[in-house]
Amino acid sequence: MPAVEVNHIVKSYADRVVVDRLSFSFDQGEIFGLIGPNGAGKTTTIRMVMDIIKPDAGDITVLGERLSEDTKNRLGYLPEERGLYRKLTVIDTVLYLASLKGMERYPAEERADYLLKRTGMLHHKGKKIEELSRGMGQIIQFIVTIIHDPELVVLDEPFGGLDPVNTELLKEMIVELRHRGKAIILSTHQMNQVEELCDRILMVDDGRAVLYGNLEEIKSRYKSNSVIVSAGGDPGQIRGVSEKRAHRGYVELVLDGSMTPDQVLKELVGAGLSINRFEVATPSLNEIFLRSVGKNHE
Amino acid sequence: MNKTHLIFRHEFWHTIKRTGFVVLTLVPPLVILLGIGVYDVISGITKPPAEATEIGYVDEVGIFGRFTSQEEITLVPFDSGEAATEALVSEDIKEYFVIPSDFISTGTIDRYITQRELAPPAATTAAIENFIDSNLLEGKVPETVITRVEAPLNLDTTTLTATGEVAKQQGGMANFIVPGVFSVLLALALIFNSTYLLRSLSEEKETRMMEILLSSVSPRQLLAGKVLGLGAAGLLQVGVWVSLIPLLLNLASSSIGGFISTIQLPANFLILGIVYFILGYAIFAVVSAGVAAISPNVREAQGIASIYTVPAVAPLWFMSLLLLAPNSPVWVAFSIFPFTAPVLVMLRLGVTGVPAWQLAISIAVLVACIIGGLVLASRLLRAYMLMYGKRPNLGEIVRNLRNG
């Protein structure tokens, strides 16, 4: 049973179609990347999955059922635009929002202490939110998102504004959630984070799906017919290579299609070169993103 | 799972712990208490001493020789103005007056004092009047007539009901004091609590807290919890004021005494006070929720609130006209208009009897408007609570209100 199954959802504001017949699904224990340029319809899609707004058409199943008020207790949501009650203390904020997710006070207190300690925020628990830095506030929001141990966690731009230490901490905790079988939607502009964390992705543009599927499959679909070589010396003329592109520290060899990368490697070794690095060139997600979205905007 | 009670509890406790709320709840009773205390102290200091005072007089008519002892004041005759002035300067007498020879035709008496004053003290005037009356009438009319001339009448008014029985509430200026003060407090409570709801919703929208809340509860539960929680806090505030009224009246009555001890509150006043607070708060709350939904930020929302909360206080501006003709058709109409009804009805209850049919229509109109307002406010909340940055135009708002 997929954790989330979305079928042909449509949402319009005024006369503008913001989400246009979008469909996707993913399973428990997966991190699902939702990517796309600004205004592509990502946040609207997330709000529909979270039942904050209703789609005009199509249907959404979350954790095997149509979303209801009860299902909301099994979901955790970190919105892109963040804010908390500035005058409330950290612990009161966490406990109040945990109570809205159906948690009793005592278990919520225990779990809050655990998560505050884990994130190094325990000694700030009595402080008012307005006394915290932006990054600290973000950590508190992440704690609020996962305090009730949700089965589906939706994170909209979770790394924005975080320092490298807290970014690593958050990534560690997200991966931990995946290992514990939670389904995670990760919406971000930071393609390196998507590449590092996500199992499957959906790229949207103008409300429509541009790319959808397993990240590795997508990348191999976009892979070019070239290899990257870093060797101790000039490889010279190699059979099966139509073009050599020199970069700092490595050379990109464009294959002519008559030989496979394995065969080219054999040729290079045969030529007596000491090979430091050899890999099939695959485009970064960022390149794929620019190629796919750029194509639509041409 | 209905989470309205969780929002209710949070909003209620959060509100009553706020400094502004505590101050507004406790300050009015404390000010009144302080007023009673200050009155006690000042009246103790300024009360004229009960010791005997001597006032001189020069009788140029020649018929004012008796009744020189008037309560604490003793009137001392002098032969001439010079002699009286000498006694006044040497402080043997406090003041003196001259009854000129043509007094019977002119009625003018010349009074001489050493300290400037705004008007003659009431006790001195009464003593001189009684002295003149008694001497003029002595032997011409019976003594009881002299007493009546000195204190001609005591107008004792009784209000009868439509069936001719003695009404329970007899009216009068004194009985307007409590409804008058309560109306001012009611207007304050309505504005304070409904704009707090407005601020709270706008802040949640502006800080994007709304999105987190709506991922846990439905807009209907959120609105209901907030309206009820803040309303309960407001009700607690009004409850504190209402329950302190009898205590403060007792204190004021035993301390200030006089007309305050005659104050009677209409039997239904306290109940209607609570009912009109609840309904008044609810009508302003639903408007506040709608305004918060369409406003891009707190500042704009508060700007709009300063317009639509005007009717809550408007009846207080026209209090003098209201006192003159409390049953004018204009006041009856505004007692039915939902935004002015709460404060206006409370004011009218202090001045006159408000017929049951007017109360019934007023309450029914308020309830109908609240129900309609709730439907429209939740439509606006659903449509605009997550729309940031721009204010929708009027046509768009009307379309959303119509379509739901």
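The following legends describe close-up views of a predicted model.

**View 1**

**View 2**

Strand β9 (residues 200-205) of chain A runs antiparallel to β10(A), and 6 bridges join the two. Within this pairing, A:Ile201 has A:Gly213 of β10(A) as its bridge partner, and A:Arg200 has A:Asn214 of β10(A). The two strands form a hairpin with 2 residues between them. In the turn, A:Asp206 has a positive phi of about 55°.

**View 2. The four-stranded sheet of chain A.**
In chain A, 4 strands make up an open sheet in the order β2-β1-β4-β5, and the pairing is antiparallel. Its edge strands, β2 (16-26) and β5 (65-66) of chain A, each pair on one side only. Strand β1 (residues 4-13) of chain A and strand β4 (residues 57-62) of chain A are paired in the antiparallel sense over 5 bridges. A:Val10 is placed opposite A:Ala57 in β4(A). Helix α1(A) packs on this sheet and touches β1, β2 and β4 of chain A. The direction of α1(A) makes about 120° with that of β1(A).

**View 3. The contact between chains A and B.**
Chain A contributes 20 residues to the contact and chain B contributes 15 residues. On the side of chain A that touches chain B, β6 (75-78) and α2 (90-100) of chain A each supply at least two residues. Helix α2(A) gives the most to this side, with 4 residues. By class, the side of chain A that touches chain B consists of 10 nonpolar, 3 polar and 7 charged residues.

**View 4. The packing of helices α14 and α15 in chain B.**
Two packed helices are described by the angle between their axes and the distance between the axes. In chain B, the axes of helix α14 (residues 329-336) and helix α15 (residues 341-351) come within 7 Å and cross at roughly 135°. The two helices, α14(B) and α15(B), are therefore oblique to each other, and α14(B) passes α15(B) in a left-handed crossing. From α14(B), the contact is made by B:Trp331, B:Phe334, B:Ser335 and B:Ile336. From α15(B), the residues are B:Ala341, B:Leu344, B:Val345 and B:Arg348. The residues of this contact divide into 6 nonpolar, 1 polar and 1 charged.

**View 5. The domains of chain B.**
Chain B is divided into domain 1 (53-150) and domain 2 (165-403). Taken over C-alpha atoms, the centres of domain 1 and domain 2 of chain B are separated by 58 Å.

Note on methods: Residues numbered from 1 in each chain as written. Chains lettered and ligands numbered in written order. Predicted model: local features only at pLDDT ≥ 70, side-chain atom pairs only at ≥ 80, totals over all residues. Axes fitted to C-alpha atoms, helices over the stretch in contact; angles between N-to-C directions. Parallel < 35°, antiparallel > 145°, perpendicular 65-115°, else oblique. Left-handed = near helix turned anticlockwise from the far one by under 90°. Contact = placed C-beta atoms within 7 Å. Nonpolar A, V, L, I, M, F, W, Y, C, P; charged D, E, K, R; others polar. Pairing = 2+ DSSP bridges. Domains from an automatic or database assignment.
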